[in-house]
Amino acid sequence: MKFFEFAEAMKPLVPGKLTRAPYLRELISMFTTVTEDEWGTDKDPVTVVTDSTLDSMTSRDSAFTRKLAQTMHSRLNINNFIDLIQDLDDPAKVLIAQNLDQYGLTTQIDLLAFDAANELVDILREKAKITTDDAALRRQIRIHAALATFREELLVRSRGCQSCGASMVTQSNGKSKASPRIVFLDSDTPEPSRDDFAVLCLSCANKYSLAHSDKEIAALRRSNAFLLAQQQLGDDLAPLGLDKKLVDLLKRIKDLPRAKRSFDPNYVAVPLEQKLSDEDLLSRCSDAMAIYQRVIRVESQALESSGEFRFTRMLAQIKTAWWAMLDAPLSEAEIFSRLSNWIADQTGGDRYASEVLVAYMIQICELFNPRDMAGKDSAA
């Protein structure tokens, strides 16, 4: 493909019905960058050529000089070009894809930014007669095209900085504005996925860009797995829909008089020990059951006898949530936390009471039993 053909195909990218020279100046400015000191100099591809030359460049390849191609290539701002294409609405992307197809480049709208960026680089390299290796530039295109594709989803599913947990909103002049940065997790995969990126606050992103360890990357990948499990629960499961009496149960757990919060000397944590390998989580759940096991059993039976609360229904729904997370590489503590948050969010109940209830569910219905994992595998 020649540059004038590429320029013709990209017209839906440039707003307004500009004539030939102004249109080409605007298009070139979208994929090149110069400093303020370089405006109007021979290092500025937008102003280095005359209008008459630009007019000719819109219809014939001979007007596009090797020197200009070299200048454009040296000033490439390919990330901006990718972002501009990705931000187009679908009808405009379809038009560009159809235009490119007429000149021999077949693509789809979900790959349009990636393919158009690579085609532009091919055109400039051929015209400028550049033969040096450009693997780094092609890798940059691959990574940024993936980032542009996943950006909105990444920002939506993150609830704060994945490193320090800080809010992504900053205050300025009494107004709030989001300030997230998305970093790449140093993967060599040929097709980066959404899990090869992490959303960080400005401070953590700057630190990550300066230096980061394999341990830090692994921690961010675990964070991605946790966020994926949260997303799966939100997307794949219907809301709990538990009757209001579950709120009453959580409230009775929370409101247990302090005088009655004593450890049951006869409680044995063997069932939990057979299901949990995380020592800290085992300790938390054992302590909770030593105090609340009898309370939950008695109170849930009382509520169920009223005919307004179905314990088996609650059990089935919580176990469904557990099944939904089996395929995600989450730790026991992360699954426990997610289940507790889910119950608290869906019922408006107390977070601690929800944790106590999950501990009870682990004890009585074997959520963490390895047989559940084997059953899931065989079912798949």
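## Charge over a ring

In this predicted model, the charged end of lysine 11 is placed over the ring of tyrosine 23, at 5.9 Å from the ring centre.

## Aromatic pairs

Five aromatic pairs are present in the structure. In one of them, phenylalanine 3 and phenylalanine 64 have ring centres 4.7 Å apart; their planes meet at 35°, so the pair is tilted. This pair links distant parts of the chain, 61 residues apart: phenylalanine 3 belongs to helix α1 (residues 3-9), and phenylalanine 64 to the loop between α3 (51-57) and α4 (66-74). Both phenylalanine 3 and phenylalanine 64 are buried.

Another pair is formed by phenylalanine 31 and phenylalanine 81, with ring centres 5.8 Å apart. Their planes stand at 80°, over the 60 degrees required, so the pair is edge-to-face. Because phenylalanine 31 lies in helix α2 (residues 20-31) and phenylalanine 81 in helix α5 (residues 78-86), the pair ties together parts that are 50 residues apart in sequence. Phenylalanine 31 and phenylalanine 81 are both buried. Through ring pairs, Phe31 and Phe81 are also linked with Phe6 into a cluster.

## The largest pocket

The largest pocket has a volume of about 290 Å³. It is lined by 13 residues, of which Asp110, Leu111, Phe114, Ala145 and Ala146 are the closest to its centre. Two elements, α7 (112-128) and α8 (135-157), each give two or more residues to the lining. The largest share, five residues, comes from α8.

By class, the lining of this pocket comprises eight nonpolar, two polar and three charged residues.

Methods: Residues numbered from 1 in each chain as written. Predicted model: local features only at pLDDT ≥ 70, side-chain atom pairs only at ≥ 80, totals over all residues. Heavy atoms only, no water. 1 Å grid on protein atoms, 1.4 Å probe; cavity = no way out; pocket = protein on both sides within 12 Å on 5 of 7 lines; lining within 4 Å. Points joined across faces, edges and corners; volume = space filled by probe spheres on them. Helix = DSSP H or I, 4+ residues; strand = E, 2+ residues; numbered from the N terminus. Nonpolar A, V, L, I, M, F, W, Y, C, P; charged D, E, K, R; others polar. Phe/Tyr/Trp six-rings, centres within 6.5 Å; stacked < 30°, edge-to-face > 60°. Buried < 20%, exposed > 50% of the residue type's maximum accessible area, 1.4 Å probe, protein only. Lys NZ or Arg CZ within 6 Å of the ring centre and 35° of its normal.
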